[in-house]
Amino acid sequence: MSETELTFLGTGTSQGVPIIGCGCEVCTSADPHDKRLRSSVLVERDGVRIVIDTGPDFRYQMLREHVSRIDAILYTHGHMDHVGGMDDVRAFNYVMRRPVDIYCEPRVRKTLERVFDYAFAEQKYPGVPEVVLHPILSDAEAFNVHGVSVMPVRGMHYRLPVLGYRIGDICYLTDMNAIDESQIDKFRGVEVLVVNALRREKHISHFTLDEALAVIARAKPKRAYLTHISHQLGRYEEVRRELPENVFPAYDGLKIKV
């Protein structure tokens, strides 16, 4: 049976934690668990390395985890805290001597082509990121990434459709505030569910802590981890103590094997 390993590259919200100029108890905490880069994960299965989202902290995350090869990038949506680091793919191009495969929906492709227009120009400047774009045209069926089956999971980020992904017995959801029961069926009873939990107060486009716990209760995974956490949720140790016994706040650098 194949083993899947997930590494949390970042577990913070769009501004990260600490936030510039903030003096709250979370942003000034000395606990390394309260230092959160922009949300992203690395998934390794059957020797294939897949990154989900490349935020502005992508370069540092790769250096911190000593990653010298990636096989593919999956994008959840096109907001800058999830795509802003794509330029650093060129370091992998140089080391691996080949392009990196990118899987995303057409609307995300348009964002990449606009923000990183130089990477898609007809006459490319030497050294730009080299990628091969693969469209995700449907959330109804799994697709293949270098021999690894990936099931897309549809959710809503306010009015923006976004994708989560199930790889093996791990499902990763971020930047959602609504998900249909038909989509939960895709990962019901998984070993590990990762879901965003921004803060305690209602938010227009992200699950609150209570809403995330409700998704977990509906899906009934064996274990669940919270990510895309803002400084408004509270300090890591305080949050950890109040969660159900099978639910944990994720933190940067945490590794999980299934």
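Select helix α4, residues 106–115, where the buried residues are Val108, Thr111 and Leu112; buried here means under 20% relative accessible area, exposed means over 50%, and partly exposed lies in between, with a 1.4 Å probe and protein chains only. These three cover an arc of only 100° around the axis, which puts them on the same side of α4, the arc being that of the directions from the helix axis to the C-beta atoms. Turn to the other side of α4 and you find Lys110 and Arg114, which are exposed. Helices (H or I, at least four residues) and strands (E, at least two) are DSSP runs, numbered from the N terminus.

The model is predicted, so that local features need pLDDT of at least 70 and side-chain atom pairs count only at pLDDT 80 or more, while totals for chains, interfaces and linings use all residues. Residues are numbered from 1 along each chain as its sequence is written, and side-chain values use heavy atoms, with hydrogens and water left out.

Now show the open sheet of 7 strands, which has mixed pairing and the order β6-β5-β4-β3-β2-β1-β14; two strands pair if DSSP finds at least two bridges between them. At the edges stand β6 and β14 (255–257), each with a single partner strand, so one side of each is left without a neighbour in the sheet. From one strand to the next, the twist averages 20°, where axes are lines fitted to C-alpha atoms, for helices over the stretch in contact, and angles run from 0 to 180 degrees between N-to-C directions.

Zoom in on β5 and β6, which pair in the parallel sense over 5 bridges; the bridge partner of Ile102 in β6 is Leu133. Helix α3 (residues 89–96) packs on the sheet, touching β4 (72–74), β5 and β6, and its direction makes about 140° with that of β5. Helix α4 also packs on the sheet, touching β5 and β6, with its direction at about 130° to that of β5.

Finally, pick out Arg97, which lies over the face of Tyr94 at 4.6 Å from the ring centre; a charge sits over a ring if NZ of Lys or CZ of Arg is within 6 Å of the ring centre and within 35 degrees of the ring normal.

Technical notes. Contact means heavy atoms within 4.5 Å.
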